[in-house]
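Subject: Structure handover

Hi,

Here is the structure to look over. Please open it next to this email and read along.

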Amino acid sequence: MLAYIIQRVVQSVVVLLLVGLVAFSMFRFVGDPIDNMLGQERTGADIERLRGQLGLDQPFPVQYYKFLEGAVQGNFGVSYRQGRPVSEIIAERAPATLELAAVSGVLAIAFGIALGVFTAIRRNGIASHVIMATSLIGVSLPTFLIGILLIYLFAVELGWLPSFGRGEVVDLGWWTTGFLTASGLKALILPAITLGLYQMTLIMRLVRSEMLEVLRQDYIRFARARGLRDRSVYFRHALKNTMVPVITVVGLQLGAIIAFAIITETVFQWPGVGLLFINAIQFVDIPVMAAYLMLISVMFVGINLIVDLLYYFIDPRLRVDRGAAAK
Amino acid sequence: MTDTLLTVDDLCVEIPTRRGILKPVDHVSLTIARGEILGVVGESGAGKSMTGNAVIGLLDPPAHISGGQIHLNGRRIDNLSRDKMRRVRGKEIGMVFQDPLTSLNPLLPIGDQLTETITEHLGVTQAEARKRAIAALEEVGIPAAKSRIDSYPHEFSGGMRQRVVIALALCAEPDLVIADEPTTALDVSVQAQIISLLKRLCRERGTGVMLVTHDMGVIAEASDRVAVMYAGRLAEIGPVRQVLTEPQHPYTAGLMGSTPGASLGRKRLNQIPGTMPGLSAVPDGCAYNPRCPRAEAKCRAEPRPPMTNGAACWFPGEVKI
């Protein structure tokens, strides 16, 4: 178990180093930031001074090392556009994105699993057919279109919900939250649905097909033959056996929710890191882009690590060190 | 045979398909007394497992009981509601499946699977259920049951797992056990152990057993009476010694002649010509007539033969092994 964890952590570190290399390479290859930062009326001395200040005159490996050294400490340099430390800007924006991602993630998992189990148990019911047909729309419509349709319906036509922004937020010092005000919660609804709908339908269809597969197994028949209640057969015996593949996909989807937030945040003008990233691209604000890239990859790698560890808790057959006595 | 436990009377099971209705179980009648082991033999597809599934109420839709009655302990059980039938399963009828590798939930310790069954049917506390679970494991011969109760199924060998399955089937003390090919998936060396275990436990408790198998050796070893099925119908039923040594139905005789026995020496095995008909093409009259050495025009023309001397044949006892 310990060896496995160490192995996975080492793999994760290698992945992060590679992503770091890509992120860092942007500094070298996406134009010269000095051109953007200094206006038309610049002198050679100005350029040299700024270059020295930003450390751009040092050799490539030294710069990479410095970048990594800073990154490990959460220091990604200074935004070219805003002139403030990148870590500060991201810390300011992160709560918005994380709250949005958390709400859509919870929605997607809760409804995805519930509807997946329902459509598997009532395989031939009318409700199941309707849900399955509707879910095709969720899978096939692009996110931005869903967002625009929702805005049109609920914000423009019905006027029930706001079409952009986060509403009023409460500042807790280190975190700003929209959960505590009515307008903050209202503002969350449409973006969360937009972001979570695709993931929800995906999880639902996966849970359904896994469930149908498991319900055919002998141990389900045997559980029925022992006279267990339906609830116990479905949730205690069947659902748990669908969890390994479902958790794999859910883990990847949680990463995708944070990454896809870029589109949703743009559509709803949600002041999170995704929107920050889009704006950074427009201004070639490389430190911000690099930091965002690193942030997303840390999250992906972290989620995957957690998923791998969850397998251990769900499936006893993977705990090899305990099972040796039997064979 | 006065104390009847299970009565299956004229049972029919139908599966509607696009090309007509299939009858995997066709007017089957049999009884099992308390403490008696009834062997049910036949080729694959003869309807033996279907009969067992119909009795315990676990037919996979669209298969359903279309006629006849099933009584257990004098109570009719084939028309019970879903929830009432669920209470019968486990509590009054236990079931042992063919493959012990797949009939245990791999993600739950065997102790949990035992205690959930016990608490469901006997209404005892968790601690009491655990005590009984350990006792049940000891009874089926799991060594160190106290420490193995929290093990997962994959930590047991095939034979041990089948013992666990038997413990599960018997833990709520049912009156009847349906054992569907309980030894087919096991090593030959383990088969005899499992059969004698099943036999001993049921004798001790007075549990009736429907032992579904295609293995004549298992039947000879374990059962009191035997029912032979062919193409969804009952071909012959009677005490095991009589059926095995003096079969009345030509099919049983053919089956015996094609079974290798340890004492036969180098005698040539006979085979029955042809194959059992598929359910969509059961011949008119006696289902066995195209393969039967004794068949006459009557076997084809008349409807199915009545039961005579325990055999569904117009000419019982005329074909020898």
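Below is what was found, taken part by part.

**Ground rules**

This is a predicted model: local features need pLDDT of at least 70, side-chain atom pairs count only at pLDDT 80 or more, and totals for chains, interfaces and linings use all residues. Residues are numbered from 1 along each chain as its sequence is written, while chains are lettered from A and ligands numbered from 1 in the order in which they are written.

**Confidence**

The predictor gives the complex an ipTM of 0.84 and a pTM of 0.79. Residues 322–327 of chain A fall below 50. Beyond near neighbours in sequence, that stretch has 5 contacts in the model (a contact means C-beta atoms, placed from the backbone, within 7 Å). For chain B the mean pLDDT is 85, and 97% of its residues reach 70 or more.

**Chain A**

Chain A holds 13 helices and 2 strands. These are DSSP runs, numbered from the N terminus: helices are H or I with at least four residues, strands are E with at least two. The C-alpha trace of chain A spans about 85 × 65 × 35 Å along its principal axes. Of the 327 residues in chain A, 33% are buried. Here, buried means that 20 or more other C-beta atoms lie within 10 Å of the residue's own; exposed means 12 or fewer, and partly exposed is in between, with C-beta atoms placed from the backbone. Take the contacts in chain A between residues at least 6 apart in sequence: 71% of them join residues at least 24 apart.

Helix α9 of chain A covers residues 218–225. Its buried residues are A:Tyr219, A:Phe222, A:Ala223, A:Arg224 and A:Ala225. What covers them? The cover includes α10 (230–268) of chain A, together with α1 (48–56) and β6 (93–96) of chain B. Just after α9(A), A:Gly227 takes a positive phi of about 80°.

A:Asp308 sits in helix α12 (residues 286–314) of chain A. A:Asp308 counts as partly exposed because it has 19 C-beta neighbours inside 10 Å. A:Asp308 is 303 residues from A:Ile5 in sequence, but their C-alpha atoms are 9.0 Å apart in space.

**Where the chains meet**

In this interface, 25 residues of chain B are in contact with 22 residues of chain A. On the side of chain B that touches chain A, α2 (82–88) and α3 (110–122) of chain B each supply at least two residues. α3(B) gives the most, with 4 residues. That side of chain B divides into 10 nonpolar, 7 polar and 8 charged residues. Nonpolar covers Ala, Val, Leu, Ile, Met, Phe, Trp, Tyr, Cys and Pro; charged covers Asp, Glu, Lys and Arg; the others, Gly among them, are polar.

**The largest nonpolar core**

A nonpolar core is a set of buried Ala, Val, Leu, Ile, Met, Phe, Trp, Tyr and Cys residues joined through C-beta atoms within 7 Å. The largest has 150 residues, of which A:Ile203, B:Ala167 and B:Val228 touch the most other members. Helix α8 (residues 182–215) of chain A brings the largest share, 15 residues. Domain 1 (4–262) and domain 2 (270–275 + 282–321) of chain B both contribute, so this core lies between them. Leaving aside neighbours within four places in sequence, B:Ala167 is in contact with B:Leu114, B:Ala136, B:Leu137, B:Glu139 and B:Val140.

**Chain B**

The bounds of the two domains of chain B come from an automatic or database domain assignment. Their centres, taken over C-alpha atoms, are 29 Å apart. Between them, 18 residues of domain 1 are in contact with 19 residues of domain 2. β10 (233–239) and α10 (250–257) of chain B each supply at least two residues of the domain 1 side. That side divides into 10 nonpolar, 6 polar and 2 charged residues.

Strands β1 (residues 4–17) and β4 (residues 64–72) of chain B pair antiparallel over 7 bridges (pairing needs at least two bridges found by DSSP). B:Val8 has B:Ile70 in β4(B) as its bridge partner. β4(B) also runs antiparallel to β5 (residues 75–76) of chain B, joined by 2 bridges. There, B:His71 stands opposite B:Arg76. β4(B) and β5(B) form a hairpin with 2 residues between them. In the turn, B:Asn73 has a positive phi of about 55°.

Best wishes

Note on methods: Contact = placed C-beta atoms within 7 Å. pLDDT = per-residue confidence, 0-100.
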